[in-house]
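This report describes the surroundings of a ligand and the pockets of a protein. Please consult the sequence and the structure shown below while reading.

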Amino acid sequence: MVNPRPETVHVLDNHSLVRHHMSMLRDVSTAPAAFRQHVKILSLLLLAEATRDLRMRDCAVTTPMEAMQGQQLAGRIAAVPILRAGLGMTAAVTELIPDVEVRHLGFYRDEQTAQPVRYYDKLPAGAPADVALLLDPMLATGGSACMAIETLREWGVGRIVMLSIIAAPEGIRLVTERFPDVIIYTCVIDRELNDRRFILPGLGDAGDRMFNTVGE
Ligand code: PRP
């Protein structure tokens, strides 16, 4: 039996704001504009936790009163949204980390097999970022996350941190078993996947709700 919450998995469901916005996000009557806003707010809350210990360097600061030593971010940080739904989390990262590199990966999940299919991957050859923040609101089977992590490993990224808004136990288990050094931050771990590999109780398909393509 694998521990469903190993040390590398951080769940923010004890935070009042996370619970509030998660409930709005789950609600079937939440319209696309509000859905995108709740995704962004939850992404900001996740990011604040996931970036507590980034590498820093000293810098000189002059306040209106005197000179002092401050600190600023050091090293290259990449945000890696998995299309489409990861796009909804990207603005949170670019606002909090203005110099972040955004590297898109395009995967969709085959409806019959639930396996990820790659359709966009433009990581440059060599020169990997020091840290990758992998963005996908949903971690269901974990297949898409594993494909993305393998891709980032091939690029040469040393440290990978995954941010998801909602996760299933199956996805958490797969990622932590295959990549025990990847840190996962999620707002909540739901009960289970159904036979179509959708998260229960879940929130439906985040990409469809975000981009108003439900039912297509
Ligand atoms: C959803 C979701 C994740 C993936 C999770 O994407 O946004 O990328 O499925 O499932 P997994 O953990 O089982 O791989 P989807 O295929 O619906 O594409 P979309 O984001 O374009 O809607």
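## Surroundings of the ligand

The ligand is surrounded by 15 residues, each with a heavy atom within 4 Å of it; Arg84, Arg109, Asp136, Thr141 and Ser144 are the closest. This is a predicted model, in which local features need pLDDT of at least 70 and side-chain atom pairs count only at pLDDT 80 or more, while totals for chains, interfaces and linings use all residues. Residues are numbered from 1 along each chain as its sequence is written, and side-chain values use heavy atoms, with hydrogens and water left out.

The shell around the ligand comprises 6 nonpolar, 5 polar and 4 charged residues. Here Ala, Val, Leu, Ile, Met, Phe, Trp, Tyr, Cys and Pro count as nonpolar, Asp, Glu, Lys and Arg as charged, and the others, Gly among them, as polar.

## Contacts of the ligand

An oxygen atom of the ligand lies 2.6 Å from a side-chain N or O atom of Ser144, and one lies 3.0 Å from a side-chain N or O atom of Asp205. For Ala85, a backbone N or O atom is 3.1 Å from an oxygen atom of the ligand.

## The second largest pocket

A pocket is an open set of points on a 1 Å grid over the protein atoms alone, where a 1.4 Å probe fits, with protein on both sides within 12 Å along at least five of seven lines; lining residues have an atom within 4 Å of a point. The lining of the second largest pocket includes Leu73, Arg76 and Glu101. By class, this lining has 7 nonpolar, 1 polar and 3 charged residues.

Key:
Polar contact = N/O pair within 3.5 Å; in protein donor to acceptor, adjacent residues only side chain to side chain.
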